[in-house]
Amino acid sequence: MFRIRSVAIDTYPENTAFLPRNDSGYGAEQFQALRKIEICRGDSSILATLAIMDDEHLLQRGEIGLGEQAFRRLGLPEGTEVSIAQAKPPASLDAVRRKIGGNSLTDAEIGAIIRDVARHHYSPMEIAAFLVACAAFMTTDETLALTRAMADVGTKLTWDFPLVVDKHCIGGIPGNRTSMIVVPIVAAHGLIIPKTSSRAITSPSGTADTMEVLANVDFSAERLQQIVAQENAVLAWGGRVNLSPADDILISVERPLRIDTFEQMVASIMSKKLAAGSTHLVIDIPVGPSAKVRSQGEAVRLRKLFEHVAAQLGIVVDVVLTDGSQPIGRGIGPVLEARDVMAVLRGDPAAPADLRDRALMLAGRVLDFDPALPGGEGRQRAEELLDSGAALAAMERLIAAQGAKTERPAIGPLSHEVLALRDGRITAIDCHLIARIARLAGAPMEKGAGIDLLRKVGDPVQRGEPLYRIHATSQTGLGFACELASEASGYSLAS
């Protein structure tokens with residue numbers, strides 16, 4: 001028996017357990033054999049990867065250390081006695097091996113894999129094997145089974161409303177923070193729109209990161225439902241609510257490997273919408289040379305896959321193909337994006353016109369789901385709500401209901417302007433490269449870090465004029481971002 005002790009080491013997404021090499025009661029051979037162990041006490045148990053500690057001061061004899069994730073997931077107080085045993089490989093790994101061998105999997109096999117993933121029974125290496133095998137080929141039936149399985153293992157929200165709307169963009173376009181404008185417009189109209197979002201993984205900011213500049217986004221399912229009942233809407237982080245938790249684990253492995261197949265994308269998005277209780281959904285698919293979807297043909301294939309899966313799940317979808325040729329708005333990074341969003345809601349003449357126009361278009365598509373609104377009038381109604389100040393009022397109420405930030409972070413005080421190297425007209429902006437530069441500057445972890453775009457596609461520029469301004473809160477972040485920008489600015493010019 002060992003006494004558990006919390007070790008302040010973030011090992012996300014893995015469960016990690018620590019044992020001292022000396023005086024632990026195990027020999028070197030057993031350390032190797034117990035690479036993955038099961039830790040249990042009564043009905044509480046977790047599987048964890050074993051790490052050996054050589055610093056004898058960190059753990060006492062008879063103690064087993066648990067990293068932050070493992071300690072939280074086990075859910076027992078420090079000092080509790082637990083037993084450990086060599087973990088048995090999950091039975092569902094047999095199905096993963098069949099998939100690697102080129103076989104299609106049944107609904108039951110995919111369900112077993114996802115349940116084991118959600119219970120943290122898989123290592124990142126085993127998850128990667130499953131994802132790579134699925135990326136090689138995946139049938140439509142498997143995509144549907146994966147969607148249902150991921151929705152089934154987490155929290156499912158239920159609503160006492162016949163119409164629960166949502167809007168989702170597949171991502172990849174910096175500054176495309178339309179949800180924070182769409183949600184208050186739709187809420188002001190009177191439709192229910194509980195918008196939950198992931199934090200940014202590879203982008204400079206996600207909706208939850210940007211909303212967090214203005215208000216709290218971390219709620220229990222019960223509190224989230226209370227806010228929606230009061231304000232018709234919420235702009236929250238979905239992680240706390242535990243919607244499709246297996247998806248978050250899969251994403252943590254997908255992103256470093258840059259695995260982003262259409263099938264896995266559809267399963268990821270639709271599982272969370274199913275778990276969130278959405279009945280009607282607008283999906284924004286930006287198409288552009290540096291977007292996730294590069295061609296019209298790819299966009300049509302993805303649209304059809306969304307429509308097929310949604311129909312099988314009973315969710316009404318409206319898939320919109322939009323311009324993904326350049327970033328939207330001017331700000332890239334949480335504070336800068338929040339600035340642009342509030343400028344649009346306030347009707348500021350200097351607000352980014354492209355962000356306003358895209359948000360109005362998407363809000364109009366969502367409002368067109370309302371059976372009480374004459375067909376095709378959604379865009380006009382959205383514009384009325386924005387121009388009248390009703391959407392701004394709805395956003396201010398929502399910020400207050402979620403808990404307004406008393407001290408909002410400021411734009412990073414350190415800055416550097418990237419200049420045009422010659423005269424010309426801007427013909428293209430590389431969304432992927434601009435996002436990388438903003439992340440190197442510190443976004444989204446440093447809320448004030450990011451990029452302020454000073455020129456967009458079509459603008460003329462003279463040699464020495466600024467294309468964009470990098471903001472950072474540390475010299476290190478600014479240095480990293482400037483180094484990449486000096487190699488390639490992300491802007492293409494033509495005479």
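This is a predicted model: local features need pLDDT of at least 70, side-chain atom pairs count only at pLDDT 80 or more; totals for chains, interfaces and linings use all residues.
Strands of a sheet pair through backbone hydrogen bonds, in either a parallel or an antiparallel manner. One of the pairings joins strand 1 (residues 2-6) to strand 6 (residues 81-86), which run in the antiparallel sense and share two bridges. Here Phe-2 stands opposite Val-82 of strand 6.

Attention now turns to charged side chains. Side chains of opposite charge can pair when their charged atoms come close. The structure contains 28 salt bridges. Among them is the one between Lys-36 and Glu-126, whose closest N and O atoms are 3.2 Å apart. This pair connects distant parts of the chain, since Lys-36 lies in strand 3 (residues 36-41) and Glu-126 in helix 5 (residues 124-136), 90 residues apart. Lys-36 and Glu-126 are both buried.

Asp-152 pairs with Lys-156, the closest N and O atoms being 3.1 Å apart. Asp-152 counts as exposed because its relative accessibility is 52%, over the 50% limit. Lys-156, at 43% relative accessibility, counts as partly exposed. Arg-339 and Asp-340 also meet through their side chains in a salt bridge, at 3.0 Å from N to O. Arg-339 has a relative accessible area of 30% and is therefore partly exposed, whereas Asp-340, with 3%, is buried.

Finally, Arg-356, Arg-379, Glu-383 and Asp-387 are linked in a network of salt bridges.

Key. Residues are numbered from 1 along each chain as its sequence is written. Side-chain values use heavy atoms; hydrogens and water are left out. Two strands pair if DSSP finds at least two bridges between them. Helices (H or I, at least four residues) and strands (E, at least two) are DSSP runs, numbered from the N terminus. A salt bridge is a side-chain nitrogen of Lys or Arg within 4 Å of a carboxyl oxygen of Asp or Glu. Buried means under 20% relative accessible area, exposed over 50%, partly exposed in between (1.4 Å probe, protein chains only).
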